[in-house]
Amino acid sequence: MRRLLPWLGPAAAAAALEPFVRSDGGDTWLFVKAGRILLSSDWSRAFADRSIQVGPLQLALDGTVGRSPEVLAVLLAAAAALLVTAVARVAGVERPRLLALAGLAAVATGFTTHVFDAGHPADGLLPLLWVIAAVEARRGRTVRAALLVGLSAGFETWGVLGLAALALAPSLRSAARSAVLAAGVAAALYLPFVLAGHFAMGGYRWQIASHSLLGHVVAAGTTFGWPLRFAQGGGALVAGVVAARLARRSPHAVWLVPAAVVLARLALDPQPHGYYFDGVQATALVGLALVAARGLRLPRVAREPLA
């Protein structure tokens, strides 16, 4: 039981606290409605509303567990605490006390509550999955890494930006192959809805907010459509790949690469929503735990053999 305490303690604390601090869930109600359509005989119309800008995996979650906001909030809070602890362990933190502190820090900083508040849990949780993908890619387990990245896109389309984590693979060829696999998995998740002819996600348009970084360069109110989203994603991928090349011999590369992707994505985003920063917080929690375990130095590490 003592071995499980560093894992279960923070998760239990997050779940117990959530009923007292949770919000109304932001966009959750919208995704619950679409999730119910997804799980019905009329499933092909799940993305007929262009405002549905999340993936089928999130709609499936909201269409089932999300029918009870209270249950969804508790589940996400516990899952967030567990995931922070698990990712810290995968990244190289071994001491139970540090693992427990990482999970408790996720609760104390409000991270476990943020993943429910806006209705977009992916903003905080997907960068954590990318850390796992980065570890798997570095170890040569590129198929596992690719599957994690591909499935990430099933929660929100920008989950595919986790492709940058695959740049930590032992060779350029293995990185390229895993990137193709990840992109294929991501495409397969959306393809049935595209073929059904009711896929309207691409028709959504954002407006550049005056208090975003872009708003200081481009006139506020300028339309920001999907072509610019692709450009934004390309910039974030470049930032992640550059971080992977610069830090690839450091044990900290596994969280620095996702952090670079998230920061670049935020810098190029037309909307400065607060929940967008959940990914920064998530990677920082893992990074701080790893720094506490291994220090601030960036030692040269031997490339691990293929699994």
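This is a predicted model: local features need pLDDT of at least 70, side-chain atom pairs count only at pLDDT 80 or more; totals for chains, interfaces and linings use all residues.
Biologist: Are Asp123 and Arg265 buried or exposed?

Modeller: The cut-off for buried is under 20% relative accessible area. Asp123 counts as buried because its relative accessibility is 2%, and Arg265, with a relative accessible area of 10%, is buried as well.

Biologist: Which aromatic residue pairs with Trp158, and how are the two planes arranged?

Modeller: The structure holds 10 aromatic pairs. In one of them, Trp130 and Trp158 are edge-to-face, with 5.8 Å centre to centre and 90° between the planes. This pair links distant parts of the chain, since Trp130 is in helix α7 (residues 122–138) and Trp158 is in the loop between α8 and α9 (172–196), 28 residues apart. Trp130, at 2% relative accessibility, counts as buried, and Trp158, at 11%, also counts as buried.

Biologist: What kind of aromatic pair do Trp226 and Phe230 form?

Modeller: The pair of Trp226 and Phe230 is tilted, with 5.8 Å centre to centre and 55° between the planes. The two residues are separated by about one helical turn, because they are four residues apart in helix α10 (residues 226–247). Trp226 counts as buried at 16% relative accessibility, whereas Phe230 counts as exposed at 61%.

Biologist: Which residues do ring pairs link into a cluster?

Modeller: When ring pairs share members, they can be followed as a chain of links, and here they join Trp43, Phe47, Tyr190, Phe193 and Phe199 into a cluster. Ser44 has its place in the loop between α2 (28–38) and α3 (56–64), and at 14% relative accessibility Ser44 counts as buried.

Biologist: How many salt bridges does a search of the whole structure find?

Modeller: The search finds five salt bridges. One of them joins Glu70 and Arg22, whose closest N and O atoms are 3.3 Å apart. This pair again links distant parts of the chain, with Glu70 in helix α4 and Arg22 in the loop between α1 (5–21) and α2, 48 residues apart. Glu70 counts as partly exposed at 44% relative accessibility, and Arg22 is partly exposed with a relative accessible area of 26%.

Biologist: Which residues are in contact with Pro69, leaving aside its neighbours within four places in sequence?

Modeller: Pro69, found in helix α4 (residues 69–91), is in contact with Arg22 and Phe116. Pro69 is partly exposed, with a relative accessible area of 30%. The C-alpha atoms of Pro69 and Trp29 are separated by 8.7 Å, although the two residues are 40 residues apart along the chain.

Biologist: Which residues are linked with Glu136 in a network of salt bridges?

Modeller: The network links Glu136 with Arg141 and Arg144. The side chains of Glu136 and Arg144 meet at 3.8 Å, N to O, and Glu136 is buried, with a relative accessible area of 9%.

Biologist: Which residues form the nonpolar patch on the surface, and which helix gives the most to the patch?

Modeller: The patch is formed by Val143, Leu147, Leu151 and Leu181, which together have about 310 Å² of accessible area. Helix α8 (residues 142–152) gives the most, with three residues. Leu147 lies in helix α8, and Leu147 is partly exposed, with a relative accessible area of 38%.

Notes: Residues are numbered from 1 along each chain as its sequence is written. Side-chain values use heavy atoms; hydrogens and water are left out. Patches are made of residues with over 30% relative accessible area and no salt bridge: like charges are joined within 9 Å, nonpolar side chains (Val, Leu, Ile, Met, Phe, Trp, Tyr) within 5 Å. Accessible areas come from the Shrake-Rupley method with a 1.4 Å probe; for residues, only the protein chains shown count as cover. A salt bridge is a side-chain nitrogen of Lys or Arg within 4 Å of a carboxyl oxygen of Asp or Glu. Buried means under 20% relative accessible area, exposed over 50%, partly exposed in between (1.4 Å probe, protein chains only). Rings of Phe, Tyr and Trp (its six-membered ring) pair if their centres lie within 6.5 Å; planes under 30 degrees apart count as stacked, over 60 as edge-to-face and the rest as tilted. Contact means heavy atoms within 4.5 Å.
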